[in-house]
Amino acid sequence: MVGGLDGEKHGLSSTVGRKMTGDEDDGRRVGVGVIGCGDVFPRYIQGMRRFSGLHVVRCADIEGSRAERAAKQVGLSVWGSVEELLADPAVDIAVNITPPSVHAAVTMAALDAGKHVYVEKPLAATLPDAAEVLARAEATGRRLGVAPDTFLGSACQTARSAIDQGLIGRPVGVTAFLTHNRAESWHPDPTFLFKPGGGPVLDMGPYYLSWLVTCLGPVMEVTGATTIGSRRRQVTTPGRLVDTIDVEVATHASAVLRFGSGAVGTAMMSFDVWDAHLPSIEIYGTQGTLSLPDPSGFDGDVLLKRWDSEGWRLLAPVTPPDGPDEQRLRGRGVADLAASLSTSVQRATGALAYHVLEVLTAIETSSRERRVVVIESTCDRPEPV
Ligand SMILES: NC(=O)c1ccc[n+]([C@@H]2O[C@H](COP(=O)([O-])OP(=O)(O)OC[C@H]3O[C@@H](n4cnc5c(N)ncnc54)[C@H](O)[C@@H]3O)[C@@H](O)[C@H]2O)c1
């Protein structure tokens, strides 16, 4: 279906983190089609429009009326069905922002249609489905990019650089605390967050684990214990689409992570904490401590306390921060995938996302089977930005 408006604006290149003007944009822009027109959709559109190498062509939703409403809201001129989007030769990259339960099926349909795919986290609702997606990307020769992309931002890059420079010596331990604000108070229909593929571990855990793997490398062993705080959640969002949700996944988890480097981590991931005084991420080394901000954003203070210094020092960002209004926007990972089509350097990869998913699903396995789970996959640390 074709409408009337087109609100494209361009400010940044598809080369992640490099500011450009529109005049510097010399090559053909990469065409993007967005599948899934729900809560996060406007933040993807706004976020992708910052990258001059990306051209959002159209959107689609399983519910046609949602696609039409969302397209009109953001000034997109073309919307329609998923089939129409996948048949459109102007779409090079399909951005899959459907709920986790259909991530794998939608991603594989797009790969089969010859599209490169960027999919929201988690890569799939189960590890076997994720393995099938990776195999399909390999078989079709298409590229796969996977959220989250916040580890590409200035805060994680600054922390990683500090570690690589040896500012805290050898990393020994890490703590990560995810005490999430309650989605049932702000999401119009947070049902998927309490069903398989959701929960704090698979929904928010990928942010934390992607940062930890970027800073410390892959994980080799996991021990975990999980529980459910409330079997039923009351949705209080103004204008909500549902009133209550039956919870089917763990909403509180504690885990011990043993990294291949030898560092040991303690992680808590919860949708059951009303309030806390906990840090987001701290990394403890033989020479000092690094404190990192909330990994669901791109920027924030990275603080260093060396054993021989009096106080904490704020580290200068090693890449330019985006700014406070852009912390919740998405699209940097799509630009990473688009850039990789010509440079072959890609950071938010399927291999990283698969490893992260294996680690996160191991927490539930460990809890259920009361054992240490050995992680079979590994991945390289993504290249510094
Ligand atoms: N909402 C957020 O703040 C947020 C932030 C970051 C990432 N995400 C991730 O983005 C994804 C979507 O989240 P959301 O909050 O926008 O969800 P949502 O439920 O609000 O929207 C999902 C949309 O996908 C559509 N859909 C469902 N099945 C489909 C199919 N088979 N084909 C096409 N469309 C289909 C639904 O009709 C709906 O419009 C999730 O993976 C989530 O983890 C969400």
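View 1. In the side chain of Asp-203, an N or O atom is 3.3 Å from an oxygen atom of the ligand. The protein covers 89% of the 830 Å² of accessible area that the ligand has on its own. The model shown here, as in every view, is predicted. Arg-43 places a polar side-chain atom 2.6 Å from an oxygen atom of the ligand. For Arg-66, the distance from a side-chain N or O atom to a ligand oxygen atom is 2.8 Å.

**View 2. The shell around the ligand.** The ligand is surrounded by 25 residues. The closest are Asp-39, Arg-43, Asp-61, Arg-66 and His-187. By type, the shell consists of 13 nonpolar, 5 polar and 7 charged residues.

**View 3. The open sheet.** The sheet has 9 strands in the order E16-E15-E14-E13-E7-E12-E11-E8-E17, and their pairing is mixed. Its edge strands, E16 (313–314) and E17 (373–374), each pair on one side only.

**View 4. The pairing of strands E8 and E11.** Strand E8 (residues 219–227) and strand E11 (residues 252–259) run antiparallel and are joined by 8 bridges. Ala-225 stands opposite Ser-254, a residue of E11.

**View 5. Two helices lying across strands.** Helix H6 (residues 154–164) lies across strands E7 (171–179), E13 (281–285) and E14 (288–292). The angle between H6 and E14 is about 165 degrees. Helix H10 (residues 350–369) lies across E8, E11, E12 (264–270) and E17. H10 runs at about 45 degrees to E8.

Note on methods. Residues are numbered from 1 along each chain as its sequence is written. This is a predicted model: local features need pLDDT of at least 70, side-chain atom pairs count only at pLDDT 80 or more; totals for chains, interfaces and linings use all residues. Side-chain values use heavy atoms; hydrogens and water are left out. Two strands pair if DSSP finds at least two bridges between them. Helices (H or I, at least four residues) and strands (E, at least two) are DSSP runs, numbered from the N terminus. Contact means heavy atoms within 4.5 Å. Axes are lines fitted to C-alpha atoms, for helices over the stretch in contact, and angles run from 0 to 180 degrees between N-to-C directions. A residue is near a molecule or strand if one of its heavy atoms lies within 4 Å of it. A polar contact is a pair of N or O atoms within 3.5 Å; within protein, one must be able to donate a hydrogen and the other to accept it, and residues adjacent in sequence count only if both atoms are side-chain atoms. Accessible areas come from the Shrake-Rupley method with a 1.4 Å probe; for residues, only the protein chains shown count as cover. Ala, Val, Leu, Ile, Met, Phe, Trp, Tyr, Cys and Pro count as nonpolar, Asp, Glu, Lys and Arg as charged, and the others, Gly among them, as polar.
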